[in-house]
Amino acid sequence: MSRFFALRRGSLFSLALAALLALAPAIAEARMGGGGSFGSRGSRSWSAPPSTRTMPGQASPFERSVAPRPAPGMAGPMSRQGVFGGAFGRGMLGGLAGGLLGAGLFGLLTGHGLFGGMMGFMSIIGLLLQIALIVFLARMAFNWWTRRNANAMAGAGHRPSPGFTSPFTARAPFGAAGFGSGASPEAAMATPIKIAAADFNAFERLLGEAQGAYSREDLGALRGMSTPEMVSYFDDELEENRRKGVINRVSDVKLLQGDLSEAWREGVDEYATVAMRFALNDVIEDRATGKPAPGSPGPTETSEAWTFRRPAGAGPQEWKVSAIQQAA
């Protein structure tokens, strides 16, 4: 009999453990975005945003995004063609290769063999060495020119607005990192923009209002604050919570520190990625009883990189949440 009760207690413990494990993802992935990284940052979607003092490490790459992922080794036009794959490469290396082939054919037609015997072969070796030297020097010059322009663009796009004080500037200056940091050539060619105090106020407002709308499960309000892509992800999360019989209550959101990672214009849109450290009360409740679920996070702090998008030239009120990324 005692063995029977021991086995029964073991079975009940196993069932309870299984239930906790089943609920664990909902608890571990509490708060808006479920603790994941998703959304789009235009042409920079698959490039890590520059680190800042608020978020010194890299942001996690997107787990979900509608942005097309570049093929391996094909991050942009320059890498697709190679440094010498465009007109410059066709003009220089193409001309040298054409001259080499022409010399060989001329030797064949005049009876001296394809490359004119041993002396011709040694000449070809010398020519190949010259080509390699030219390619090496040209590559060094091109890389220097690219870095110089990227640094110049970074200096133009990361100047804070004088006199602006908020959690974004009180504890961490803007421009803690420059452009680049693994960005694709398309991203490097985007036009940097200046972010004003009103823009940072809009980012802070959206942080709190979006969390509140998510807590209320108000998709209508989220549509006014987020891109359609982000709304679809939030809808999926809320539907999953309903399926599990829980609701994520987020309150007392307070921005503690923030700074600009990068801001740029591409095409008809403008983007700004900001690192934000904020406090919040994050509770997973049972939908039927309203009681907190076991292991519910409660008061906590977190750091995330949020990207906002608006039509080019629009005002601060037009910013919408375009991406959320966790610290790696």
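Predicted model: local features only at pLDDT ≥ 70, side-chain atom pairs only at ≥ 80, totals over all residues.
1. **The end of H9.** The residue after H9 is Gly-245, and its phi is positive, near 75°. As for the helix itself, H9 covers residues 228–244. Its length checks out: at 1.5 Å a residue, 17 residues should span 24 Å, and the end C-alpha atoms of H9 sit 25 Å apart, so the two figures agree.

2. **What H9 hides.** The buried residues in H9 are Glu-229, Met-230, Val-231, Tyr-233, Phe-234, Glu-237, Leu-238 and Asn-241.

3. Glu-239 pairs with Arg-242, with 3.2 Å between the closest N and O atoms. Both partners belong to H9 and are 3 residues apart, which is about one turn of the helix. Neither end is buried: Glu-239 is partly exposed at 45% relative accessibility, and Arg-242 is partly exposed too, at 33%.

4. **A salt bridge between strands.** Glu-285 and Arg-249 also meet through their side chains, at 3.5 Å from N to O. Here the link is between distant parts of the chain, 36 residues apart: Glu-285 is in strand E4 (residues 269–286) and Arg-249 in strand E3 (residues 246–266). Glu-285 has a relative accessible area of 19%, and since the cut-off for buried is under 20%, it counts as buried. I'd read that label with the cut-off in mind. Arg-249, at 35%, is partly exposed.

5. **The other salt bridges.** Shared partners tie Asp-199, Arg-265, Glu-270 and Arg-310 into one salt-bridge network. Asp-218 and Arg-216 form another bridge, with the closest N and O atoms 3.7 Å apart. In that pair Asp-218 is partly exposed at 30% relative accessibility, while Arg-216 reaches 52% and counts as exposed. Over the whole structure the search turns up 15 salt bridges.

6. **The sheet.** Six strands make an open, antiparallel sheet, ordered E1-E6-E5-E4-E3-E2. At its edges are strand E1 (38–39) and strand E2 (191–192), each of them pairing on one side only. Inside the sheet, E3 and E4 pair in the antiparallel sense over 17 bridges. To place yourself on that pairing, find Gly-258, which stands opposite Met-276 in E4. In general, what holds strands of a sheet together is backbone hydrogen bonding, in a parallel or antiparallel arrangement.

7. **H7 over the sheet.** Helix H7 (residues 197–216) lies across E3, E4, strand E5 (298–311) and strand E6 (320–326). Relative to E3, H7 runs at about 150°.

8. Where does Gln-257 sit, and is it buried or exposed? Gln-257 is in strand E3, and its 12% relative accessibility makes it buried. Its side chain has a polar contact with the side chain of Thr-54, at 3.1 Å.

Conventions:
Residues numbered from 1 in each chain as written. Heavy atoms only, no water. Salt bridge = Lys/Arg side-chain N within 4 Å of Asp/Glu carboxyl O. Buried < 20%, exposed > 50% of the residue type's maximum accessible area, 1.4 Å probe, protein only. Helix = DSSP H or I, 4+ residues; strand = E, 2+ residues; numbered from the N terminus. Polar contact = N/O pair within 3.5 Å; in protein donor to acceptor, adjacent residues only side chain to side chain. Pairing = 2+ DSSP bridges. Contact = heavy atoms within 4.5 Å. Axes fitted to C-alpha atoms, helices over the stretch in contact; angles between N-to-C directions. Expected span 1.5 Å × (residues − 1).
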